[in-house]
Amino acid sequence: MILDQCVSVTELKKDTKNIISSLKEKWPIVIFVNNKPVAVLKDIEDSNLTLKEEEFHFNFWDEGIDPKVILDYFKK
């Protein structure tokens, strides 16, 4: 592992913009916490990540329930 690939979490906090922008030109960067590797940063284009666009719905309660009943329940 090359020294340029290693970044402490403190250094990442101080110089985040430059470290992340260097991912396109360089190799993946290994993040260290207390001298132990904990994560790897790499350019998203280098991964085979595919994003799914799916419709998402929240169903909080059945349509037959009066919202006042729910509010009364949480006021207890």
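These are my notebook entries on a predicted model of one protein chain.

**Ground rules.** I number residues from 1 along each chain as its sequence is written, and I leave hydrogens and water out, since side-chain values use heavy atoms.

**Overall layout.** I looked up the secondary structure and found three helices and three strands, taking helices (H or I, at least four residues) and strands (E, at least two) as DSSP runs numbered from the N terminus. Read from the N terminus on, the order of elements is β-α-α-β-β-α. Of the 76 residues in the chain, 16% are buried, where buried means under 20% relative accessible area, exposed over 50%, and partly exposed in between, with a 1.4 Å probe and protein chains only. The chain exposes about 7400 Å², of which carbon and sulfur atoms supply 56%; the areas come from the Shrake-Rupley method with a 1.4 Å probe, and for residues only the protein chains shown count as cover. Among contacts (heavy atoms within 4.5 Å) with a separation of 6 or more, I noted that 26% join residues 24 or more positions apart.

**Core.** I then asked which residues make up the largest nonpolar core. The set has six members, namely Val7, Leu12, Ile19, Leu23, Ile29 and Ile31; a nonpolar core is a set of buried Ala, Val, Leu, Ile, Met, Phe, Trp, Tyr and Cys residues joined through side-chain atoms within 4.5 Å. Leaving aside residues up to four places away in sequence, I listed the partners of Ile31 as Val7, Val9, Leu12, Lys36, Pro37, Val38, Ala39 and Leu41. Ile19, a member of this core, also has its backbone oxygen 2.7 Å from a polar atom of the Ser22 side chain, and that is a polar contact in the sense of N or O atoms within 3.5 Å, one able to donate a hydrogen and the other to accept it within protein, with residues adjacent in sequence counted only if both atoms are side-chain atoms. Ser22 lies in the loop between α2 and β2 and is buried at 11% relative accessible area.

I checked backbone angles here and found a positive phi near 55° at Asn34 and one of about 60° at Asn35, neither residue being a glycine. Asn34 sits between β2 (29-33) and β3 (36-41), and Asn35 lies in that loop too. Asn34 is exposed at 69% relative accessible area, and Asn35 is exposed at 75%. I also noted that the C-alpha atoms of Asn34 and Ser8 are 8.1 Å apart, although 26 residues separate them along the chain.

**Surface patch.** Ile2, Leu3 and Trp27 form a nonpolar surface patch of about 330 Å², for which residues need over 30% relative accessible area and no salt bridge, with nonpolar side chains (Val, Leu, Ile, Met, Phe, Trp, Tyr) joined within 5 Å and like charges within 9 Å. Trp27 is placed in the loop between α2 (16-21) and β2, and at 34% it counts as partly exposed.

**Salt bridge.** I found one salt bridge in the structure, defined as a side-chain nitrogen of Lys or Arg within 4 Å of a carboxyl oxygen of Asp or Glu. It joins Asp72 and Lys68 at 3.2 Å, N to O. Both residues lie in helix α3 (residues 67-75), four residues apart, about one turn of the helix. Asp72 is partly exposed, at 33%.

Technical notes: This is a predicted model: local features need pLDDT of at least 70, side-chain atom pairs count only at pLDDT 80 or more; totals for chains, interfaces and linings use all residues.
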